[in-house]
Amino acid sequence: LVNGVISHLVQAIRVKDGCFSSIDRYSAGSYYEHVKISEPNEFDIMLVVAMRDERIQMDESDDTGAFYYVSFKRKPKEKGFLKFLDEDGKLSAFKMLQELRDIIKQEVKNIKDVEVTVARKKAGSPAITLQIKNPPSEISVDIILTLEVHHSWPLSTQGGLKIEHWLGTKVRRDMRFRSLYLVAKQNKREKVLRGNTWRLSFSHTEKDLINNHGNSKTCCESDGPKCCRKGCLKLLKYLLEQLKMKYPKELEKFCSYHVKTAFLHSCVTWPNDSEWHLGDLDHCFQQCLQFFMDCLQKSQLTHFFIPQYNLFSPEDKAKHHFLSRKISHELNNGFPVFHE
């Protein structure tokens, strides 16, 4: 269902507008990393605008090292980009997102065989959310506008992706040679919100890390030894999901990206396949959980690719401690929330 809707939209978008004519879909998120835990009713689809031929300048918009202003070093080859520049010559994420949203809103009316609507805009969310009727339930698809640029990974990423002992120096080097992706995301720390910031995205690399996760190259291949890494990630996500349903208000600031980041750090902390035997799921899961709880206690969860960027903001300390207490309770009582 989702594939049919997205294919229809991609074709229609390509016809409409110069700089969207190169648009391509990339499927990110848990469903495509094979770590989805409940029904497949939520999907993340990145719609990628290729800017491989453009000379791009990226300037940090704050001290996180994650948010950037994008401008052109010379007149863009694709003239369609010009209408999305703001008065300072910066490429406006807000303007591009608005245009894409308008095209999609028009186009869903032409999808005949399934009922699709565009959800109302959520403040601060970079996604265009589609609701697809699929009785008796509904599927929601987040479309994320993404730029693919030919630009070396910025300085802020230099000390990140510490996978040398886990997957090897060569794998790290190859990953850092790939294109760079930026998603249209408002930087909330800006004094004046102008909608012209873009945030680095590493979904592509994360998907690779999760799908090729062994330090022996045969881990989890058809005839290779199986490990429990993905099982741990699924359990971590499921635990957070269940607790969020129980305490929606207290835990609204937490998302599955937090546990995914803690999980990747755990893979680096315990790099060998022998530390993740399939039969040791129970022990490994508790080890990952302990790692995550330590992060909560310290209000410090370092972005996996950008070491200077703390995904936990210190002013949410009380919320971090709340979640830590709830996890601790689950851990000590045999995870009652799994059986509710």
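Trainee: Which residue follows helix H7, and is its phi positive or negative?

Mentor: In this predicted model, the residue that comes after H7 is Ser 299, and its phi is positive, near 50 degrees.

Trainee: How many residues does H7 have, and what end-to-end distance should I expect from them?

Mentor: The helix covers residues 281-298, which makes 18 residues, and at 1.5 Å a residue these should span 26 Å.

Trainee: Which residues of H7 are buried, and what covers them?

Mentor: A residue counts as buried when its relative accessible area is under 20%. In H7 this holds for Cys 284, Phe 285, Cys 288, Leu 289, Phe 292, Met 293, Cys 295 and Leu 296. Their cover includes helix H5 (229-246), helix H6 (256-269) and helix H8 (317-332).

Trainee: How is a pair of aromatic rings described, and what is the case for Phe 285 and Phe 335?

Mentor: A pair of aromatic rings is described by the distance of the centres and the angle of the planes. The protein has 13 aromatic pairs by the rule applied here. In one of them, the ring centres of Phe 285 and Phe 335 are 5.3 Å apart with the planes at 45 degrees, so the pair is tilted. Because Phe 285 lies in H7 and Phe 335 in the segment after H8, this pair ties together parts that are 50 residues apart in sequence. Both Phe 285 and Phe 335 are buried, and for Phe 335 the relative accessible area is 9%.

Trainee: Is the pair of Phe 335 and Phe 338 stacked or tilted?

Mentor: The centres of those two rings are 5.3 Å apart and their planes meet at 15 degrees, so Phe 335 and Phe 338 are stacked. Elsewhere, ring pairs join Trp 153, Phe 202, Phe 304 and Phe 305 into a cluster.

Trainee: In which sense do strands S3 and S4 pair, and what lies between them?

Mentor: Strand S3 (residues 56-60) and strand S4 (residues 67-72) pair in the antiparallel sense over five bridges, with Met 58 opposite Val 70 of S4. The two strands form a hairpin with six residues between them, and Gly 65 in the turn has a positive phi of about 80 degrees.

Trainee: What radius of gyration would a compact globule of 340 residues have, and what does the protein chain have?

Mentor: The expectation is near 20 Å and the chain has 21 Å, which agrees. Eight helices and nine strands make up its listed elements, and buried residues account for 52% of the 340 residues.

How values were computed:
Residues numbered from 1 in each chain as written. Predicted model: local features only at pLDDT ≥ 70, side-chain atom pairs only at ≥ 80, totals over all residues. Heavy atoms only, no water. Helix = DSSP H or I, 4+ residues; strand = E, 2+ residues; numbered from the N terminus. Expected span 1.5 Å × (residues − 1). Buried < 20%, exposed > 50% of the residue type's maximum accessible area, 1.4 Å probe, protein only. Contact = heavy atoms within 4.5 Å. Pairing = 2+ DSSP bridges. Rg over C-alpha atoms; globule rule 2.2 N^0.38 Å. Phe/Tyr/Trp six-rings, centres within 6.5 Å; stacked < 30°, edge-to-face > 60°.
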